[in-house]
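User: Hi, I have a protein model open and want to get my bearings. Can you walk me through it?

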Amino acid sequence: MSNYKRVFVPGGTYFFTVNLACKHSYALVKHIDLLRTAVAKVKKNQPFKIIAWVVMPNHIHAIWQLPTNDSNYPARWREIKKQFTKLLQLHLGSKDVSVWQARYWEHTIKSAEDLEAHLKYCYYNPVKHGFVKHVKDWPYSSFHRDVKRGLFSTQWGSSYTEPVNTLFGE
């Protein structure tokens, strides 16, 4: 078994990739309301700021910033996974639902450039995987929130010529 070393920075900003156990599953988008409920419940009890979030059919990319004196992102992911699984089991009427991969990928954001690269990676991911031709067409993304805030144009990712780093996160 690998010895994973996680970095814990109080108040840190982190990029995550969290996968379902089944690579061919569409559970996350099929049951997006259950995922939203699970995240909201955890966020209420263990606050964190969502910098970016994109939900793919079988994985999530997220960038979070934790509160100043807090670095416990594993507890948050554990609880999100647990809450989503419970909600899905109730919805499907079966306790035999196994959903998540045991591990997830985490990267501590180190600079403004690092944050920008990971943000673009998140938002471009649905295009990369061929689900849509334009970033704006993927409904399960905080990209739309960031367009409303004026951080991105609705056309960003449509004729994107700057390379998007696709060597991390999956």
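Analyst: Here is a short tour of the sheet, the helices and a pocket.

Analyst: This is a predicted model: local features need pLDDT of at least 70, side-chain atom pairs count only at pLDDT 80 or more, and totals for chains, interfaces and linings use all residues. Residues are numbered from 1 along each chain as its sequence is written, and side-chain values use heavy atoms, leaving out hydrogens and water.

User: What order do the strands of the open sheet come in?

Analyst: The order is β2-β3-β1-β4, with antiparallel pairing. The edge strands are β2 and β4 (100-108), and each pairs on one side only. The twist averages 15° from one strand to the next. Strands here are DSSP runs of E, at least two residues, and helices are runs of H or I, at least four, numbered from the N terminus. Two strands pair if DSSP finds at least two bridges between them.

User: How many bridges link β2 and β3?

Analyst: There are 6, in the antiparallel sense. A hairpin of 3 residues joins β2 to β3. Ile50 stands opposite Trp64 in β3.

User: And β1 with β3, how many there?

Analyst: β1 (residues 13-20) pairs with β3 over 7 bridges, also antiparallel. Asn19 stands opposite His59 in β3.

User: Why is β2 largely enclosed?

Analyst: Because 5 of its 7 residues are buried, β2 is largely enclosed by the rest of the structure. Buried means under 20% relative accessible area, exposed over 50%, and partly exposed in between (1.4 Å probe, protein chains only).

User: Switching to helices. Which strands does α2 lie across?

Analyst: Helix α2 (residues 32-45) lies across β2 and β3, at about 160° to β2. Angles run from 0 to 180 degrees between N-to-C directions of axes, which are lines fitted to C-alpha atoms, for helices over the stretch in contact.

User: Is Gln83 buried or exposed?

Analyst: Gln83 is buried, at 10% relative accessible area. Gln83 is found in helix α3. Leaving aside neighbours within four places in sequence, Gln83 is in contact (heavy atoms within 4.5 Å) with Ala38, Lys41 and Val42.

User: Last one. Which element gives the largest share of the largest pocket's lining?

Analyst: That is α2, with 6 residues.
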